[in-house]
Each structure stands twice: as C-alpha cells, then as structure tokens.
Amino acid sequence: EYGGVWPCMITILLIAIFLRTLCLCALVPDERQVLLDFYNSTGGPSWANSWPIYNTTSDPCTNSWFGVLCTNSNIQPQRVNSLALASNNLIGTLPSIVGNLTSLNFLTLSLNQLNGPIPPEIGNMSFLLELELDSNSFNGTLPSTFANLKTLQHLNLQNNYLSGNLQTIASLRELSYLALSKNEFSGTIPQELSSFLMLQELMLDSNLLIGSLPSRLGVVQKTLNTLYIQDNSLNGTFPVTLCGVTNCDASNNHFTCPIPGPSCCNIVQCG
C-alpha cells in the first residue's frame, strides 16, 4: 500500500528543492545571462572590480554584484535597473546584447577602453533616464534608434570619436543635460533644441559644427545655465539672450559682426 506513496513524496521533495533553487535567483534568468555575456565581451576577468560569475548560486541582485542595482525586491523576479561600471577597465566593443536590459534606467560606462560603434540595440532601453558613455573610444555615427529614448534626461558622450550629424537627438525633448564635446560631429545644431524646455547644460564644444545657432535657444529654456560651443565653425548672429547664461563659452567660431563683446560668452572676435 506504500508503493504509490514514496514516489509521490519523492516528487514533492524534488519540486520543493527546485522551487528553493529558483528563490536563490531573484533576477530574471535571461537578464543574468545578458550580464554574463556582457562580462565576457568586455574583458570581465581583467576588470578592476569583477563579478563572481563562476558561482552559480550568486545572484546579481541579492548578492550585490559591483555596479548592478535592481528593481524593487518586493516584486519578483527582479530586473536590472542600473549598470554603473565607470573606470572599471572595460575593453572591446559594447555588445549589442546589452540592449536586452529593457528595464534599465541608468547606464554608466564612462572612463573605460570601449571602442567601435554604439550598437543600435541601445534604443531598446525605452525607460533609460541617464546614458553615460564618455571618455572611451567609440566611433561612427549615432544610431537612429537613439530617437526611441524618449525618457532620456542625461546624455554624456564626450571625449570619443563619434561623427555624423546630430539630428538623431532632435526628438529627445526630456533632456536636461547634453554633453557631446570633443568628438567629430558635423553639420548644424538641430533647431529642435530650442524647444527642449528642461535643458540646463548644453556642451557641444570641440566638434566640426557649422551654421547658425537655433533661433530661440535660451529663450524658451529659462533654466539654461551652461553653454559650451567653443572651437567649432558656427556662424550667423550670436543671440544676445545667451549672454546671460552663467557658464558660457562661444569663442573660436565665426559669428557675424558686430559681436556682443568679450563679456558675453568669451567671444573676442567675429567673422
């Protein structure tokens, strides 16, 4: 009469063990694999602060992997909310699989040795608030999928080798911080920047930009406090309204004479 009981008990025990094993891993399994692939693609073993990837019971969320923050632990399974690995000796190209972290709000990979183009899959991160890829060796143009980052508030791509025009960012109306300095961007500054109501800091210096400034830049943005556009080939009339910006440098361009004067954004010559 016990012959049918023991197999049933063993089955229940195995299910219990399996469920407990699942509880050890708070993160969505697919996202854990994304982190592992990201680690292997960017020289993980040589990182300044590495991850315990060979410990199969270690969870990025519950075990606080370096630079990884996850969504609320009360909601299971968790997802990666923030990946902050600045100055961590990352090398190689940014793998496209990072775009599978679709719940990411913050991605900070500044001051590493990443190179190659920015993958278009980054546009899958539709909840991204901050993107910092500055001080690497990224090249190529901005992927058109940047236009999908409608919630982005902070974009820092300074100190790379990026090129092409800036039209891709024309729809990112939530930006309050835009830093594209020291690249090889060309063409004109999109007129749409005039309608970025939240814009506080705009840094486009040391590029190959031409043409005139957006006609209403600084008129709509009452909170604009930083404007660095020096060392380009901008021309046209310099708006006097920008002279009141607290931190401003528009020197080494070709603005039309007469100029407002050296007390205005460090402009000392025209033409």
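Is Asn 232 buried or exposed? I looked up its accessibility before anything else. Asn 232 counts as buried, because its relative accessibility is 6%. My cut-offs are under 20% relative accessible area for buried, over 50% for exposed and partly exposed in between, with a 1.4 Å probe and protein chains only.

Ground rules for these entries. I am working on a predicted model, in which local features need pLDDT of at least 70, side-chain atom pairs count only at pLDDT 80 or more, and totals for chains, interfaces and linings use all residues. Residues are numbered from 1 along each chain as its sequence is written, and side-chain values use heavy atoms, with hydrogens and water left out.

**Entry: Asn 232**

I placed the residue next. Asn 232 sits in the loop that runs between strand E14 (226–228) and strand E15 (233–236). Helices (H or I, at least four residues) and strands (E, at least two) are DSSP runs, numbered from the N terminus.

I then checked polar contacts. The term covers a pair of N or O atoms within 3.5 Å; within protein, one must be able to donate a hydrogen and the other to accept it, and residues adjacent in sequence count only if both atoms are side-chain atoms. The Asn 232 side chain reaches the backbone oxygen of Ile 229 at 3.0 Å. A polar atom of that side chain also lies 3.3 Å from the backbone oxygen of Gln 230.

Which residues does Asn 232 contact, leaving aside its neighbours within four places in sequence? I used heavy atoms within 4.5 Å as contact. The list is Leu 204, Asp 205, Ser 206, Asn 207, Leu 208, Leu 209, Asn 252 and Asn 253.

**Entry: aromatic rings**

I searched the whole structure and found 6 aromatic pairs. Rings of Phe, Tyr and Trp (its six-membered ring) pair if their centres lie within 6.5 Å; planes under 30 degrees apart are stacked, over 60 edge-to-face, and the rest tilted. Trp 47 and Trp 51 have ring centres 4.8 Å apart and planes at 80°, so I logged the pair as edge-to-face. Both of these Trp residues are buried.

Phe 238 and Phe 255 also pair edge-to-face, with 5.1 Å centre to centre and 70° between the planes. Phe 238 is in the loop between E15 and strand E16 (247–249), and Phe 255 is in strand E17 (residues 254–255), so the pair ties together parts 17 residues apart in sequence. Phe 238 and Phe 255 are buried.

I also noted one aromatic cluster, formed by Phe 38, Tyr 39, Trp 47, Trp 51 and Trp 65.

**Entry: nonpolar core**

A nonpolar core is a set of buried Ala, Val, Leu, Ile, Met, Phe, Trp, Tyr and Cys residues joined through side-chain atoms within 4.5 Å. The largest one holds 66 residues, and Phe 38, Trp 51, Leu 83, Leu 155 and Phe 238 touch the most other members. Helix H2 (29–41) and strand E2 (80–84) each supply at least two residues of this core. H2 gives the most, with 5 residues.

I followed up Phe 38. Beyond its neighbours within four places in sequence, Phe 38 contacts residues including Trp 47, Trp 51, Leu 83, Pro 95 and Leu 109.

**Entry: disulfides**

How many disulfides does a search of the whole structure find? It finds 4, taking a pair of cysteine sulfur atoms within 2.5 Å as a disulfide. Counting bonded cysteines along the chain, I read the pattern as 1-2, 3-6, 4-7, 5-8.

Cys 61 is joined to Cys 70, S to S 2.0 Å. The torsion about that S-S bond is about -85°, so this disulfide is left-handed.

Cys 248 is joined to Cys 265, also listed at S to S 2.0 Å. Here the torsion about the S-S bond is about 100°, so the disulfide is right-handed. The pair links distant parts of the chain, with Cys 248 in strand E16 and Cys 265 in the segment after E17, 17 residues apart. Cys 248 is buried at 15% relative accessibility, and Cys 265 is buried at 4%.

Cys 257 is joined to Cys 270, S to S 1.7 Å. That link is right-handed, with 85° about the S-S bond. Cys 257 is partly exposed at 46%, and Cys 270 is partly exposed at 27%.

**Entry: whole chain**

I counted 2 helices and 17 strands. Of the 271 residues, 45% count as buried. The C-alpha trace spans about 105 × 35 × 25 Å along its principal axes.
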